[in-house]
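I opened a new entry for this model. My plan was to go from the whole chain down to single residues.

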Amino acid sequence: MIAVLGLVVGVVVGLLVRPEVPAVVEPYLPIAVVAALDAVFGGLRAMLDGIFDDKVFVVSFLSNVVVAALIVFLGDKLGVGAQLSTGVVVVLGIRIFSNAAAIRRHVFRA
């Protein structure tokens, strides 16, 4: 319940304050969001499987975001940022859909 309350408070504060993302990190924000979603779906799957560990979740969340942003940053420096961004989104998308399928099977017993 505390997590849901924190989420609601965070959304309300975000809507009221309207934070601005610096232009330097704007290209990395969508990749970071997709990486964070991958960690969240993986954590939800682990919770339903009964193997959730909060330390593993935090490390997975942070490392997914950092590694995905680092790959895209290096791609930008090498001149292939768009291609690596697409690759990161495809790989993380596959993981997200795989976790979503496992969650669906667990919830609906199908």
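I began with the fold: the protein chain has four helices and zero strands. I took helices (H or I, at least four residues) and strands (E, at least two) as DSSP runs, numbered from the N terminus. Along the sequence I read the pattern α-α-α-α.

I noted the basis next: this is a predicted model, in which local features need pLDDT of at least 70, side-chain atom pairs count only at pLDDT 80 or more, and totals for chains, interfaces and linings use all residues. Residues are numbered from 1 along each chain as its sequence is written, and side-chain values use heavy atoms, with hydrogens and water left out.

**Whole chain.** I got a C-alpha trace spanning about 45 × 35 × 25 Å along its principal axes. The accessible surface is about 8000 Å², and carbon and sulfur atoms hold 75% of that. I used Shrake-Rupley areas with a 1.4 Å probe; for residues, only the protein chains shown count as cover. Of the 110 residues, 21% are buried. Buried means under 20% relative accessible area, exposed over 50%, and partly exposed in between (1.4 Å probe, protein chains only). I then looked at contacts (heavy atoms within 4.5 Å). Among those between residues at least 6 apart in sequence, 71% join residues at least 24 apart.

**H4.** Helix H4 covers residues 81–108, 28 residues in total. I found 40 Å from its first C-alpha to its last, close to the 40 Å expected at 1.5 Å a residue. That expected span is 1.5 Å times one less than the number of residues. Its buried residues include Gly81, Val88, Leu92, Ile96 and Ile103. Helix H2 (29–49) and helix H3 (54–78) are among what covers the buried residues of H4.

**Serine 85.** Leaving aside neighbours within four places in sequence, I found serine 85 in contact with Ile31 and Val72.

**Positive phi.** Which residue follows H4? I found arginine 109 there, with a positive phi near 55°. Arginine 18 also has a positive phi, near 50°. Most residues other than glycine have a negative phi. Arginine 18 sits in the loop between H1 and H2. Its relative accessibility is 62%, so arginine 18 counts as exposed.

**Valine 12.** I ended in helix H1 (residues 2–17), where valine 12 lies. Valine 12 counts as partly exposed because its relative accessibility is 41%.
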